Amino acid sequence: MSRIAQHLEDSVTAPLKARRLRIHTDHESVVFLRSDSPVCKSEGLSTQVRVAVRSGAREIIATLYQVDGDALALDEAGLSESAWVQLGMRDGDPVSIRHQRPVDSHSILRKRIFGLRLDETALGMVVDDIAAGRYSDVHIASFLTACTTLPLDSDETRGLTRAMVETGVRIEWPATMVLDKHCVGGLPGNRTTPLVVAIVAAHGLIIPKTSSRAITSPAGTADTMETLAPVDLPIDRIRQVVDKEGGCVVWGGSMQLSPADDIMIRVQRALDLENDGQMVASVLSKKIAAGATHMVVDIPVGPTAKVRSIAAADHLQMLLEQVARDFGIVLTTLRTDGRQPVGRGIGPALEARDLLAILRNEPDAPNDLRERACHLAGILLEMSGKAQPEEGYSLALQTLQDGRAWRKFVAICEAQGGMREPPLAPLLQVLRAPEGGKVSSIDNRKLARLAKLAGAPETACAGLEMHVRLDEAVEDEQPLCTIHAASRGELEYALAYAQSNPDIICVEPCSDIV
């Protein structure tokens, strides 16, 4: 340790009194001090500097902000809700504040910003510091941006994957084959996971599915599943569910499988930025940590999907297969149609209703979602030996039709804490065709934006309900989709966006439409 670092380590201020401000700053820890505080003056602490905050045996890294006036006493330190919870404090508890020690990996970050490749050791240092909370959101955003402007190569992707795995918990299962499924995303309504889990688990196979919440979409699988059953379960409880039913659909963020990735995803959501290497490391680090041995990855390809071309799909598939092989995972990909949404619902509760319609074999259940789920489940059934080659799809469909998948899904929901019905939105607004014709294009990204403006995924009942599909003939004033919202303000905001973006669902005049 250098003399400067040792000085910073030893230079701890006199204790201040902690005060809970109940300011919510998402996950970022923030501490507030008076601008004329003796601590700020003696330690040379300026606003937005990173500081170490200690209370008893606990210490966190937080961003310092200064306030004027009498909002705080000179001997008080105000803490954001995130900082308060992490330190486990009570009002008046003593707290000390000092400069954060220099972060060695910041020099590595600068190398990557200037276009230099990083080896596995360097990536491990960066990821360790992110997981430990030593990086501010600005530093994390810089790292993500640097890995997008100069995309990660295969060696860096492998190194990032390994570093992410090593920062978290790893789960082992008493089975030689543990199945999993993932979709790279970018396609609204593509909620196949709960269906795949129910089908596969109904055949006595092990498929403990950890899912994410929405990053840039109107719903993640965990958001949708949460409208049907609890998803925030501790690892011991997850083991009980899987031991009993063979499968689960739970939120992976509560398990600390890849904590650095969870932190990066939060910043990535704000940037609306993603690259193949970071995506592959994110996906595979969690699958490796979750104990998967065999998996299928859905890659939707379309002009407004996340993967927009065959060339992009080729590169992503190559990277997925290469890194998975390096970690001993048997991985198969399935390329699917990414030109339009899957199912009718876009948003947690609306997507959940599509799932229930399929599992209950309702006559108007969305067939495209059912077919896609059966193709994915069929691949896993063939990989496991439960189905012969080319017969997996038929077996998966039969498992839905004879009710085995529904019974297994109900059992999984009950094991996770109890099944419930998804909520309904109180406010609806129909968007209609401006003229008769044919649906010529659907913009997935703008549809997702529209659903988010309506309140999804934060408001579970919000989103969109689709009424038309590509190449479908429509009449003048025929409903194209319906906006679902919980507040008048969100409904009006979404409607204004739809009116200013008429190309969300394009209707092309056609002379042969009666």
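Visitor: Where does Arg22 lie?
Guide: Arg22 sits in the loop between E1 and strand E2 (30-34). Helices (H or I, at least four residues) and strands (E, at least two) are DSSP runs, numbered from the N terminus.

Visitor: What is phi of Arg22?
Guide: Phi of Arg22 is near 55°, which is a positive value in a residue other than glycine. Most residues other than glycine have a negative phi.

Visitor: What sort of model is this?
Guide: The model is predicted: local features need pLDDT of at least 70 and side-chain atom pairs count only at pLDDT 80 or more, while totals for chains, interfaces and linings use all residues. Residues are numbered from 1 along each chain as its sequence is written, and side-chain values use heavy atoms, with hydrogens and water left out.

Visitor: Back to E1. Which strands make up the closed barrel?
Guide: The closed barrel has six strands in the order E1-E5-E2-E4-E3-E6, with mixed pairing; two strands pair if DSSP finds at least two bridges between them. From one strand to the next, the twist averages 45°. For such angles, axes are lines fitted to C-alpha atoms, for helices over the stretch in contact, and values run from 0 to 180 degrees between N-to-C directions.

Visitor: How many bridges join E1 to E5?
Guide: Strand E1 (residues 16-20) and strand E5 (residues 76-79) run parallel and are joined by four bridges. Within this pair, Arg19 stands opposite Gly78 in E5.

Visitor: And do E1 and E6 run parallel or antiparallel?
Guide: E1 and strand E6 (residues 94-99) run antiparallel, joined by two bridges. Here Leu16 stands opposite Val95 in E6.

Visitor: New topic: what is the order of the open sheet of three strands?
Guide: The order is E7-E10-E11, with parallel pairing. Strand E7 (179-183) and strand E11 (330-337) are the edge strands, each pairing on one side only. Neighbouring strands of this sheet are turned by 20° against each other on average, direction ignored.

Visitor: Over how many bridges do E10 and E11 pair?
Guide: Strand E10 (residues 294-301) pairs with E11 in the parallel sense over eight bridges, and Val297 stands opposite Thr333 in E11.

Visitor: Which helix lies across E10 and E11?
Guide: That is helix H13 (residues 310-326), which runs at about 165° to E11.

Visitor: At what angle do the axes of H4 and H6 cross?
Guide: The axes of helix H4 (residues 105-113) and helix H6 (residues 137-149) cross at roughly 35° and come within 9 Å. The crossing of H4 and H6 is left-handed, that is, the near helix is turned anticlockwise from the far one by less than a right angle.

Visitor: Which residues make the contact?
Guide: H4 contributes His106, Leu109, Arg112 and Ile113, and H6 contributes His139, Ser142, Phe143, Ala146 and Cys147; contact means heavy atoms within 4.5 Å. These residues divide into five nonpolar, three polar and one charged. Ala, Val, Leu, Ile, Met, Phe, Trp, Tyr, Cys and Pro count as nonpolar, Asp, Glu, Lys and Arg as charged, and the others, Gly among them, as polar.

Visitor: Where is the cis peptide bond?
Guide: The cis bond joins Ala456 and Pro457, with omega about 0°. Pro457 belongs to the loop between helix H18 (444-453) and strand E15 (463-466).
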